[in-house]
Amino acid sequence: MNYLMHCHTSIPKQIDLEKVKNTLNITHCGLKEVKETLLNAFYQYNHTPELASHLMFYSPLCGIGKTSVAIDACKAGDLDFVRINCAQINDLSDLYGTSLTPGLLLSKIKELKTTTIPILLDEFEKCHVSIQNSLLNLTDTSNASFYSPYLETNIPIQCGLIIV
């Protein structure tokens, strides 16, 4: 359990929506619908503290710069996040680990030192349906943890998803 010794549950902070909006308008021309959808998700994040870990943004449009918009918005809002490229996940062991390897989720939690974590799922539509379902399950409030074969225990987690 030393692996996660310095992890904590962070308190959600307010996102400066005006700063995010101005940054996105400067750094990204067009993409009005994508920006508005993301700003609406951030607004909900600010005004629904009990659901702050369940930040959700999704846009089905391909190749329009959603990842860049999402990354710039998180940075402008001073929101720590983890980026996972779903196109690189071949099976659930890549995500949750094995008895020998920690897996992406555990590694990213250790990297950010928090179990309250917005996850930017890049290229979500390119991963297998079973992996998509497993990732979406993490945001279900009845699933407050995931099993880590590496640590042989359940890891408490509150994660929101930013799907692009």
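Let's start inside helix H3, where Lys66, Thr67, Val69, Ala70, Ile71, Ala73, Cys74 and Ala76 are buried. Buried means under 20% relative accessible area, exposed means over 50%, and partly exposed lies in between, with a 1.4 Å probe and protein chains only. Eight of the 11 residues of H3 are buried, so the helix is mostly covered.

A word on the source. This is a predicted model, in which local features need pLDDT of at least 70 and side-chain atom pairs count only at pLDDT 80 or more, while totals for chains, interfaces and linings use all residues. Residues are numbered from 1 along each chain as its sequence is written, and side-chain values use heavy atoms, with hydrogens and water left out.

Now the whole chain. The protein chain has six helices and six strands. Both are DSSP runs numbered from the N terminus: helices are H or I with at least four residues, strands are E with at least two. Their order along the sequence is α-α-β-α-β-α-α-β-α-β-β-β. The chain has 164 residues, and 43% of them count as buried.

Next, contacts, meaning heavy atoms within 4.5 Å. Take contacts between residues at least 6 apart in sequence: 74% of them join residues at least 24 apart.

How confident is the predictor? pLDDT is its confidence in each residue, from 0 to 100. The chain averages 79, and 78% of the residues score at least 70. Confidence is highest in helix H1, residues 17-27, at 94. It is lowest in strand E1, residues 56-58, at a mean of 63.

Back to H3, residues 66-76. Which angle does H1 make with it? About 140°, with the axes 9 Å apart. That makes H1 oblique to H3. The cut-offs: under 35 degrees is roughly parallel, over 145 roughly antiparallel, 65 to 115 roughly perpendicular, and the rest oblique. Axes are lines fitted to C-alpha atoms, for helices over the stretch in contact, and angles run from 0 to 180 degrees between N-to-C directions. From H1, Lys19, Val20, Thr23, Leu24 and Thr27 make the contact; from H3, Val69, Asp72, Ala73 and Ala76 do.

H1 passes H3 in a right-handed crossing. Right-handed means the near helix is turned clockwise from the far one by less than a right angle; anticlockwise is left-handed.

The axes of H2 and H3 come within 11 Å and cross at roughly 35°. This crossing is right-handed. H2 brings Val34, Lys35, Leu38 and Phe42, and H3 brings Lys66, Val69, Ala70, Ala73 and Cys74.

On to the loop between H1 and H2, with H2 spanning 32-47. His28 sits there. Is His28 buried or exposed? Buried, because its relative accessibility is 9%. Leaving out residues up to four places away in sequence, His28 touches Lys35, Ser68, Val69 and Asp72. Leu31 lies in that loop between H1 and H2 too. At 21% relative accessibility, Leu31 counts as partly exposed.

Last, the backbone. Most residues other than glycine have a negative phi. Leu31 has a positive one, near 55°. Asp78 also has a positive phi, near 55°.

Technical notes:
pLDDT is the predictor's confidence in each residue, from 0 to 100.
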